[in-house]
Amino acid sequence: GKPLPYFDELKWDILSDEIQRVNALADGSIDAVSRVSPKVTSRLGTDTTVVKKPSGLQFPIILDTTIDPLDNVKVRQAIKHGLDRTEILEATQGDGVLGHHSGITPVHGYYNSDLAVGDTFGTTAQPVKATELLNEAGYNDGLSINETFYYDDGYPQKETIAVLFQQQMKDIGIEIDITQITEEDWLSNYWSQDGTWYVTNYSTRVLGETVPQLAIRTEGIWNEPHWTSAEFDDAFEKALTATDPAVKRESLDRCQVLNHREGAWVGTYHPSVYGGHKNYVEGYELYPTETKDFLSQCSLSE
């Protein structure tokens, strides 16, 4: 009367090297793997299925509003117009998706799909519009931002983003200095501190309101941009207290529109993630983040 297990033993192999992981999958030493590099998937044979998904990992640029003139909405909008996210995507990986400047990723259940990725700011640089906004903000001859823009060594993509950001801003008349620091130094001394701006990173949130609640609302404990918007806060509070799913979605949609068009959160891109399994593995699901997987729920057909 007791149910039997589907297998006698479950063995987890910790394979930190990407080449080692894909070789083990190729030769059958392992049945499935949650992460492989797209650069080495060609090593896998026809008896193996490669799975690809857009991830919710994101590398937003934080425009700290305690820095003059990043508190000026026209300057923030000029920066978004001057940003070429397509160029960033191609330079970093060339394999991923673009979202909007909202903090909620395209894989999230409450992502506002009615808000076009290129809404207002496009996906490539719009230097004419950027210059017009800088002129309206009083910077007819361009501007130089004194506070250094930082990027850490936690992800190699951050250096590419920082270098391209510096170049793209120069093209619209904004001069900035960039400096690399260690991830430990960034987390200890720069992250979410007044007067600092940088490339940050957030892993996938597929459900819930974590990013807008902690990182964007006025009283959010991770409010890195120190951005304040009463309209955003009101819409988010309505989403938190809503018992009607339609009202909740409508309110979070409004939050995304406000942050995209007026906020201090600048989206770059979302890289794709890859996994793989032998063809006899069933129930394989690749979770769109670097930190979770569901390999324990797979079954074997042979």
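Helices (H or I, at least four residues) and strands (E, at least two) are DSSP runs, numbered from the N terminus. The model is predicted, so that local features need pLDDT of at least 70 and side-chain atom pairs count only at pLDDT 80 or more, while totals for chains, interfaces and linings use all residues. Residues are numbered from 1 along each chain as its sequence is written, and side-chain values use heavy atoms, with hydrogens and water left out.

View 1. A search of the whole structure finds eleven aromatic pairs, where rings of Phe, Tyr and Trp (its six-membered ring) pair if their centres lie within 6.5 Å, and planes under 30 degrees apart count as stacked, over 60 as edge-to-face and the rest as tilted. One of the pairs is formed by F149 and W197, which is edge-to-face because the planes stand at 80 degrees, with the ring centres 4.9 Å apart. The pair links distant parts of the chain, since F149 lies in strand β6 (residues 149-152) and W197 in strand β9 (residues 197-199), 48 residues apart. F149 is buried (under 20% relative accessible area, with exposed over 50% and partly exposed in between, for a 1.4 Å probe and protein chains only), its value being 0%, and W197 is likewise buried at 0%.

View 2. The rings of F232 and F236 form a stacked aromatic pair, 6.4 Å from centre to centre and with 5 degrees between the planes. Both residues belong to helix α8 (residues 230-241), where being four residues apart separates F232 and F236 by about one helical turn. F232 counts as buried at 1% relative accessibility, and F236 counts as buried at 0%.

**View 3. Strand β6 and its neighbours.** Both faces of β6 are covered, for F149 and Y151 on one side and Y150 and D152 on the other are all buried. Strands pair if DSSP finds at least two bridges between them; β6 and strand β8 (residues 178-181) do so in the parallel sense over four bridges, with Y150 opposite T179 in β8. Two bridges join β6 to β9, which also run parallel, and the bridge partner of Y150 in β9 is Y198.

**View 4. An aromatic cluster and a charge over a ring.** F59, Y155 and Y269 form one aromatic cluster. The charged end of K158 sits over the ring of W186, 4.1 Å from its centre, a contact that requires NZ of Lys or CZ of Arg within 6 Å of the ring centre and within 35 degrees of the ring normal.
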